[in-house]
Amino acid sequence: MKTKIVLGLILFSLLLVITSLFTYSQHLDRQEHIRYTATYDYLTTGKNYNTDEIYRIDVKFSLENLFFGYPQWTIAVTFNDEPNVNYYYQYADGRISQGGLSGSTPNNIYTHVEGAENGLDKN
């Protein structure tokens, strides 16, 4: 009888953990989709980029960033004309904003920096 109770508690705990992980995974997928869609809409509607100008939008969650004081979500956008540069965006309060970049271009001119009339020239 005691063995059945212990086994039942173990199975219940295991089921609870699996259900919690599945629910959390679904939450992360939904949040990733929200950020991807918001970024895509921001670029195509708000900044008038054509779909064929955007090479990739990568949205990633990092639990480690929370411990180091960085945003938990990273949104990196790569444009077709600058394939070696990632432009980083933030999503906060339903709004997207550009926050920085990494990588390089052959001429050190970055044409997708927001707020720079003719792009950023690192020379």
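This is a predicted model: local features need pLDDT of at least 70, side-chain atom pairs count only at pLDDT 80 or more; totals for chains, interfaces and linings use all residues.
I take helices (H or I, at least four residues) and strands (E, at least two) as DSSP runs, numbered from the N terminus. Residues are numbered from 1 along each chain as its sequence is written, and side-chain values use heavy atoms, without hydrogens and water.

Entry on backbone angles. I looked up Asp93, which lies in the loop between strand 3 and strand 4 (95-103). Its phi is near 55 degrees, a positive value in a residue other than glycine. Most residues other than glycine have a negative phi. I noted Asp93 as exposed, at 78% relative accessibility; buried means under 20% relative accessible area, exposed over 50%, and partly exposed in between (1.4 Å probe, protein chains only). Asn108 also has a positive phi, near 60 degrees, and sits in the loop between strand 4 and strand 5 (109-110). Asn108 is partly exposed at 27%.

Entry on the core. I looked up the largest nonpolar core, which has 18 residues. Such a core is a set of buried Ala, Val, Leu, Ile, Met, Phe, Trp, Tyr and Cys residues joined through side-chain atoms within 4.5 Å. Leu43, Ile54 and Phe79 are among those with the most contacts inside it. Helix 1 (2-46), strand 1 (54-61), strand 2 (73-79) and strand 3 (82-92) each supply at least two residues of this core.

Entry on Leu66. I found Leu66 in helix 2 (residues 63-68), partly exposed with a relative accessible area of 44%.
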